[in-house]
Amino acid sequence: MKGRIIQNFSFFLRNAVKKINIITTPEGLKDIFSKHFDVLREAKERGVQIKILTSGGRPPRNLLKSFSSIAEIRIADPKTLPIKGRFAIVDGKELVFALTNPQSVHFSQDLAFWSRSEHVAREVLGPLFDLAWSNSKKL
């Protein structure tokens with residue numbers, strides 16, 4: 001299952017035209033870096049605005065430095081914003097929402113939901129992302 005998620009997530013990111021918003025954990029950020037950084041860099045070169053919010057702890061400094069070259073990065077304070085989930089929204093039209101906690105299940109059991117629902121992307125997860133973004137620390 002994990003292999004399909006990786007493949008589909010790359011396809012999802014490649015389709016971005018205007019913006020990509022991601023909420024992930026520090027571990028998820030490492031995973032995105034190792035598997036999707038080149039796709040995100042290509043999106044940035046096409047003019048796509050990329051915002052990444054990490055929650056649940058501070059990622060390694062070198063990882064933050066690498067991502068800051070292609071995206072605006074913020075860190076959520078776990079005391080005021082205890083989000084431990086992972087989701088991404090592309091252009092307010094599509095979303096990928098992780099349904100499992102990777103710390104609780106084997107990586108082969110990771111499960112995510114991909115939808116082309118503008119309603120959920122714009123009116124449910126979009127405002128949640130915006131709220132979390134505005135209540136997080138800039139790097």
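In helix α2, Leu-29, Lys-30, Ile-32, Phe-33, Phe-37 and Leu-40 meet Leu-63, Leu-64, Ser-66 and Phe-67 of helix α3, where contact means heavy atoms within 4.5 Å. By class, this contact has eight nonpolar residues, one polar and one charged. The model is predicted: local features need pLDDT of at least 70, side-chain atom pairs count only at pLDDT 80 or more, and totals for chains, interfaces and linings use all residues. Residues are numbered from 1 along each chain as its sequence is written, and side-chain values use heavy atoms, with hydrogens and water left out.

Helix α2 spans residues 26–45 and helix α3 residues 61–68; they pack at an angle of about 25°, with axes 11 Å apart. The two helices are therefore roughly parallel to each other, a term for angles under 35 degrees.

Helix α4, residues 118–134, bends by about 40° at Gly-126, and Pro-127 follows within four residues. The bend is the angle between axes fitted to the seven residues ending at a residue and the seven starting there. Its buried residues (under 20% relative accessible area, 1.4 Å probe, protein chains only) are Ala-121, Leu-125, Gly-126, Phe-129, Ala-132 and Trp-133. These buried residues pack against strands β1 (19–24), β2 (49–54), β3 (72–75), β4 (87–90) and β5 (94–98).

The loop between β4 and β5 holds Asp-91. Most residues other than glycine have a negative phi. Asp-91, although not a glycine, has a positive phi of about 55°. At 14% relative accessibility, Asp-91 counts as buried.

Notes:
Buried < 20%, exposed > 50% of the residue type's maximum accessible area, 1.4 Å probe, protein only. Axes fitted to C-alpha atoms, helices over the stretch in contact; angles between N-to-C directions. Parallel < 35°, antiparallel > 145°, perpendicular 65-115°, else oblique. Nonpolar A, V, L, I, M, F, W, Y, C, P; charged D, E, K, R; others polar.
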